[in-house]
Amino acid sequence: TQSTWGRLLTHNILSSPIKGIKISFPFALSIESIEIRKQKFSIDFLRIIIPKLEWSVFFEATNTVRKSTNHYIPDIPFQFKDEMFQNEHIMKDIHHLLVEVSIIEGSLICPSTEKKFSIRNGVPSILYS
């Protein structure tokens, strides 16, 4: 089965498990490889999930992916505006970035300690003791 953990949507909700740090979110990304995994487009899903996103984190993550791959990675606006829901092209680009782009190999980097948590086969290992 295909892992959903390596998606940019998941990156937008993960935080560092290290106790006692002041800043646990967002992880920086170090990307070795990605895959594009086609998913059915759903504007209803986007209407639910986009308001819950930390848009600036998503924007930065897409820039990191763009610099790390030869795959086409569409540009997205620096800020999200509600009228963008009416633009099918932009919505399909956002859908592509959130749920179709999967980080297969790389690392999540703690924003406070710079500890690296590996991503292998699309699954981040963020266990910490």
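Reader: Where is T69 found, in terms of the loop and the helices around it?
Author: T69 lies in the loop between α3 (55-67) and α4 (88-100), with helices (H or I, at least four residues) and strands (E, at least two) taken as DSSP runs numbered from the N terminus. This is a predicted model, in which local features need pLDDT of at least 70 and side-chain atom pairs count only at pLDDT 80 or more, while totals for chains, interfaces and linings use all residues. Residues are numbered from 1 along each chain as its sequence is written, and side-chain values use heavy atoms, with hydrogens and water left out.

Reader: And is T69 buried or exposed?
Author: T69 counts as buried because its relative accessibility is 17%, where buried means under 20% relative accessible area, exposed over 50% and partly exposed in between (1.4 Å probe, protein chains only).

Reader: OK, what does the side chain of T69 reach?
Author: The T69 side chain comes to 3.0 Å from the backbone nitrogen of H71.

Reader: Back to α3, then: which of its residues are buried, and what do they pack against?
Author: The buried residues of α3 are W55, V57, F58, F59, A61, T62, N63 and V65, and they pack against α1 (8-11), β1 (28-36), α4 and β2 (101-109), contact meaning heavy atoms within 4.5 Å.

Reader: Switching to the whole protein chain, how many helices and strands are there, and in what pattern?
Author: The protein chain has four helices and four strands, which follow the pattern α-β-α-α-α-β-β-β along the sequence.

Reader: How much of the protein chain counts as buried?
Author: Of its 129 residues, 45% count as buried.

Terms used: Polar contact = N/O pair within 3.5 Å; in protein donor to acceptor, adjacent residues only side chain to side chain.
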